[in-house]
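Please look over the chain shown here before reading on. The briefing that follows takes up the overall form first and then a handful of individual residues.

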Amino acid sequence: MSTRYRIGLVALALVSAAALTAGCGRGGDASSDFKIAVVTRNFTNPYWAALRDGALAEGKRLGVDVAVQAGQTETDSDGENAQISTLAAQGYDCFAVVPVNATNVITPLVPVARKNIPILNLDTQIDANASKQAGVAYASFIGSDNLAAGKIAGEKMLEALGSSGKVIVLQGIAGEQNGINRDKGFTDAVAGKLEIVQRAPADYEQDKGLTVTEAILKAHPDITGIFAANDTMGLGAAQAIKNAGRTGQVKVISVDGIQAALAAVKAGTVHGTVTQYPYAEGELAVQACLAKHQGKSIPDRVVAPIAFIGQDNVDQQIAAFPRPITTFDNPLAGLVNK
């Protein structure tokens with residue numbers, strides 16, 4: 001099978017066919033007694049729900065038992081940690097974890113690491129130094145290039161506004177690396193051209209995106225662009241712009257590619273979204289765990305695809321959702337026994 005991997009209808013057909021030939025054998029093949037635990041932040045955010053759905057679908061396709069748990073909110077580190085601790089006592093053979101921040105999941109992963117159970121770091125990077133001090137290591141990091149996502153958003157904002165204008169940045173959770181990287185990528189792309197008049201955290205939540213943007217629009221009525229570090233905040237910003245009677249006057253670009261954001265792009269209330277593919281991340285997590293189970297060496301980093309979705313390709317992405325309309329090299333594609 002080619003390592004060129006398209007997560008679309010054709011690729012899923014190929015993967016499904018390969019899975020059928022693999023069966024559910026013992027001794028290194030996918031088996032009913034091999035269990036994968038995936039823990040993310042919450043399922044309220046459609047982004048994490050899509051990651052869950054991708055992992056569960058891939059587990060079913062490959063004949064692997066997959067459980068996905070989460071906290072209650074984007075910032076519920078205690079709830080997420082409790083889920084990890086519960087699963088750690090239930091005999092799971094591989095863990096894949098999305099942290100709330102750079103360090104919250106390290107302590108509950110210590111018992112997992114002591115049993116030499118493989119751990120995958122998904123989507124948001126966990127602090128390497130703190131992990132090493134605690135004796136926790138990761139078999140691989142699977143996630144998008146968030147610096148590149150921010151850079152694309154900045155370039156598209158320049159196209160939308162021209163070489164001058166005032167913009168604001170809606171940040172995510174304080175200290176969370178994905179948001180930091182998206183902010184940096186955007187800032188670097190617009191440096192010397194657009195003026196960033198304010199940065200404000202909104203915790204990746206739509207209601208906060210709304211209230212924060214409402215306050216900023218009053219303080220800076222001359223802004224013409226908003227970069228939101230995720231779609232839910234971007235949707236909140238778009239609502240605030242609509243409430244102020246300024247739809248079309250202030251361009252919103254966000255990150256993630258959830259269905260509601262795609263609908264907003266189609267409707268013209270959001271200019272565009274840098275789409276990431278959490279469904280694919282969930283699939284990749286299961287593939288990586290299974291490859292480790294079969295004794296294969298997996299890459300230290302697997303980069304999931306991203307793409308900018310605007311008016312010109314939003315219909316295509318809506319039709320393909322939750323799978324990408326772009327291609328990427330999947331280094332895991334040839335590792336799982338067929």
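Does aspartate 256 count as buried or exposed? At 5% relative accessibility, aspartate 256 counts as buried, where buried means under 20% relative accessible area, exposed means over 50%, and partly exposed lies in between, with a 1.4 Å probe and protein chains only. This is a predicted model, in which local features need pLDDT of at least 70 and side-chain atom pairs count only at pLDDT 80 or more, while totals for chains, interfaces and linings use all residues. Residues are numbered from 1 along each chain as its sequence is written, and side-chain values use heavy atoms, with hydrogens and water left out.

**Overall form**

- The secondary structure of the protein chain comes to 12 helices and 14 strands, counted as DSSP runs numbered from the N terminus, with helices being H or I of at least four residues and strands being E of at least two.
- The protein chain has a radius of gyration of 20 Å, close to the 20 Å that the globule rule gives for 338 residues, so it is as compact as a globular protein of that length; the radius is taken over C-alpha atoms, and the rule is 2.2 Å times the number of residues to the power 0.38.
- Taken along the principal axes, the C-alpha atoms of the protein chain fill a box of roughly 65 × 40 × 30 Å.
- Of the 338 residues in the protein chain, 54% are buried.
- When contacts between residues at least 6 apart in sequence are considered, 76% of them join residues at least 24 apart, a contact meaning heavy atoms within 4.5 Å.

**Surface and charge**

- The protein chain exposes about 13400 Å², of which carbon and sulfur atoms supply 51%; accessible areas come from the Shrake-Rupley method with a 1.4 Å probe, and for residues only the protein chains shown count as cover.
- The protein chain has 29 positive and 32 negative side chains, and the centres of these two sets lie 3 Å apart.
- In that count Lys and Arg are positive and Asp and Glu negative, with His and the chain ends not counted, and the place of a charge is NZ of Lys, CZ of Arg, CG of Asp or CD of Glu.

**Buried residues and their surroundings**

- Aspartate 256 is found in strand 10 (residues 251–256), and, leaving aside neighbours within four places in sequence, aspartate 256 is in contact with residues including Tyr47, Arg182, Asn230 and Thr273.
- Asparagine 45 sits in the loop between strand 2 (35–40) and helix 2 (46–62) and is buried, with a relative accessible area of 6%.
- The side chain of asparagine 45 reaches the backbone nitrogen of tyrosine 47 at 2.9 Å, and, with neighbours within four places in sequence left aside, asparagine 45 is in contact with Glu74, Asn230, Thr232 and Ile258.
- Isoleucine 241, placed in helix 9 (residues 231–243), is buried at a relative accessible area of 2%.
- Not counting residues up to four places away in sequence, isoleucine 241 touches Leu217, Ile226, Arg246, Thr247, Val250 and Val252, and its C-alpha atom is separated by 8.7 Å from that of leucine 210, 31 residues apart along the chain.

**Backbone geometry**

- Most residues other than glycine have a negative phi, and most peptide bonds are trans.
- Aspartate 123 has a positive phi of about 65° although it is not a glycine; aspartate 123 lies in the loop between strand 5 (119–122) and helix 5 (128–134) and is buried, with a relative accessible area of 3%.
- Tyrosine 204, likewise not a glycine, has a positive phi of about 60°; tyrosine 204 is found in the loop between strand 8 (195–201) and helix 8 (206–219) and is buried, with a relative accessible area of 4%.
- The peptide bond from phenylalanine 321 to proline 322 is cis, with omega near 10°, and proline 322 is found in the loop between helix 12 (314–320) and strand 14 (328–329).

**Partly exposed residues**

- Lysine 184 lies in helix 7 (residues 177–190) and is partly exposed, with a relative accessible area of 45%.
- The side chain of lysine 184 makes a polar contact with the side chain of aspartate 188 (2.7 Å); such a contact is a pair of N or O atoms within 3.5 Å, and within protein one must be able to donate a hydrogen and the other to accept it, while residues adjacent in sequence count only if both atoms are side-chain atoms.
- Asparagine 337, in the segment after strand 14, is partly exposed, with a relative accessible area of 28%.
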